[in-house]
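Here are a few notes to read alongside the model.

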Amino acid sequence: MEEIRIDVTKQTEEELALAREHAQLIFRFNHTMPGTEEYTEIMHKIFPTMGEGSIVNTPLTAIRPHMVNIGKNVVVMPGCLMMSAGGITIEDGAMIAANAQLISNNHDLYERQIITCKPVHIGKNVWIGAGATILPGVTVGDNAVVGAGSVVTKDVEQNTIVAGIPAKLIKVIPPKAKC
C-alpha cells in the first residue's frame, strides 16, 4: 500500500477554504438537534456519499470528511474521531461504537509538518467496539469484531474477533447455525 505525504504548510487557498467549511459544518452538526431535518441535511453535507439508512451521531470530530465513504445502514455512535486524509471507507452494515477512532494519517517522525497517509477500510457488517482505535493502512475484514479499547495496527481477517493493545486474534467467528 502506497503512502501519501502531505505538507500541511503548503496547502492551497482552496484546501484551506474547504477545511474551514468542514470545520464550520461539523460545529453546526454538533450543535443541531438530532432527529431533525436540519441534522440529516448537515450530516449529508459532511458525508455526501453516505448510503441510505446510515447515521452518524454527534458529537463528531472529523478532519477532511470529504475523504470518508460510508455505505448503507452504517451506524456511527457518539464521540467518533475520523482523521481522514488517507481516506476512510466504511462498508454496508458496519457499526462503529462510541468514542472509536478511525485514523488514516500520522506525522512524519522527522518533518512533523508532513502527514503520512494510508487508507482505512472497514468491511461489511464489521463491529468496532467502544473506544477502539484503527490505525493508518488497516483493513478490517467483513463480519469482523474489534474489541472495546483495542488498538488495531494490522489488518483483521474477515469473520474474526480481535482485541487488545495491540489487537490480536481472539477467535474465529463460526458460521451461523441454520435453524
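1. Start with a pair: Ile4 has Cys117 in strand 11 as its bridge partner. Strand 11 (residues 114-117) runs antiparallel to strand 1, and four bridges join them. Strands here are DSSP runs (E, at least two residues; helices are H or I, at least four), numbered from the N terminus, and two of them pair if DSSP finds at least two bridges between them.

2. A word on the source: this is a predicted model, where local features need pLDDT of at least 70, side-chain atom pairs count only at pLDDT 80 or more, and totals for chains, interfaces and linings use all residues. Residues are numbered from 1 along each chain as its sequence is written, and side-chain values use heavy atoms, leaving out hydrogens and water.

3. Back to the sheet: it is open, with three antiparallel strands in the order 1-11-10. Strand 1 (4-7) and strand 10 (105-107) are the edges, each pairing on one side only.

4. Now find Gly79, in the loop between strand 5 (75-76) and strand 6 (80-83). Beyond its neighbours within four places in sequence, Gly79 is in contact (heavy atoms within 4.5 Å) with Pro59, Asn99 and Ala100. Asn99 is 20 residues from Gly79 in sequence, yet their C-alpha atoms are 4.3 Å apart.
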